[in-house]
Amino acid sequence: IIKDQIDCIYNDMGTDAVKIGMLSNKRIMSCVRDKLLEYKPENVVLDPVMYAKHGACLMQEDAIDLLIEDLIPLCTCITPNIPEAERISGMKIDGVDDMKKAAEIIRNMGAKYVLVKGGHHVGDAIDILYDGENFHEFVTEKIDTKNTHGTGCTLSSAIASNLALGKSIDDAVKLSKEYITNAIKHDLHIGKGNGPTNHFYKFFEGELKNE
């Protein structure tokens, strides 16, 4: 089914960028790898969704090696958060310097760019982009809210979208970071659990200014 879905897209409109999210097991991961090799998309952004917010594992342990060996080398950019970066790099991350070291390790696995997201740290939300030569820091104030469901997925999708528009990786990350920060700032209070960010806050800017 997954292979057929990908074939339908490429046999119809094609893609300017591909964003990869949760791949729970080796069989699904192999499908995606095979299609990436077949169609060779120009921009591939991988969000290695390994853990849920409450800590549950979302990727089978035996699939992580396949992710490292077969998928990361096919990526334009990989966007792990700190727990994911720790698992992929095999090192403990306790601060910005460790984030940079982990980014170097992960880039050496074959990705063109690595964005290590620092939202799990106390203090400002600091993301580190490594391009193989230089580190770029993207810093925003951390927003006190429980409604952060889907932030990583949104950020990686926004980066892929901006790359599809022809933006450089620096601009793609900068614009995407601004977008997700505002989406969190104008969060949606839905239900009793972790609510979602507000992806459509720009449609309500007039109302927001009047608050």
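**Overall build and selected details**

Mentor: The chain holds eight helices and six strands. Please keep in mind that this is a predicted model.

Trainee: In what order do the elements of the chain run from the N terminus on?
Mentor: The chain contains both helices and strands. Read from the N terminus, their order is α-β-α-β-α-β-α-α-β-β-β-α-α-α.

Trainee: What radius of gyration does the chain have, and how does that value stand against a compact globule?
Mentor: The C-alpha atoms fill a box of roughly 50 × 40 × 35 Å along the principal axes. For 211 residues, a compact globule would have a radius of gyration near 17 Å, and the chain agrees with this, since its own value is 17 Å.

Trainee: What share of the contacts between residues at least 6 apart in sequence joins residues at least 24 apart?
Mentor: A contact here means heavy atoms within 4.5 Å. Among the contacts between residues at least 6 apart in sequence, the share that joins residues at least 24 apart is 61%.

Trainee: What percentage of the residues is buried?
Mentor: A residue counts as buried when its relative accessible area is under 20%. Of the 211 residues in the chain, the buried ones make up 44%.

Trainee: How far apart do the centres of the positive and negative side chains lie?
Mentor: The chain has 24 positive and 33 negative side chains. The centres of these two sets are separated by 2 Å.

Trainee: Which elements are among those that cover the buried residues of α3?
Mentor: Helix α3 spans residues 61-71, and its buried residues are Ala63, Ile64, Leu66, Leu67, Ile68 and Leu71. Their cover includes α2 (26-39), β2 (44-46) and α4 (82-89).

Trainee: Which residue takes a positive phi in the hairpin of β5 and β6?
Mentor: Strands β5 (residues 125-130) and β6 (residues 135-140) pair in the antiparallel sense over six bridges. In this pairing, alanine 125 stands opposite threonine 140 in β6. Four residues lie between the two strands, and the one with a positive phi, near 100 degrees, is glycine 132.

Trainee: Which residues does isoleucine 126 touch, leaving aside those up to four places away in sequence?
Mentor: Isoleucine 126 lies in strand β5. From isoleucine 143, which is 17 residues away in sequence, isoleucine 126 is 12 Å apart in space, C-alpha to C-alpha. The residues that isoleucine 126 touches are Val96, Met99, Val116, Lys117, Gly118, Glu137, Phe138, Val139 and Lys177.

How values were computed. Residues are numbered from 1 along each chain as its sequence is written. This is a predicted model: local features need pLDDT of at least 70, side-chain atom pairs count only at pLDDT 80 or more; totals for chains, interfaces and linings use all residues. Side-chain values use heavy atoms; hydrogens and water are left out. The radius of gyration is taken over C-alpha atoms; the globule rule is 2.2 Å times the number of residues to the power 0.38. Buried means under 20% relative accessible area, exposed over 50%, partly exposed in between (1.4 Å probe, protein chains only). Lys and Arg count as positive and Asp and Glu as negative; His and the chain ends are not counted. The place of a charge is taken as NZ of Lys, CZ of Arg, CG of Asp or CD of Glu. Two strands pair if DSSP finds at least two bridges between them.
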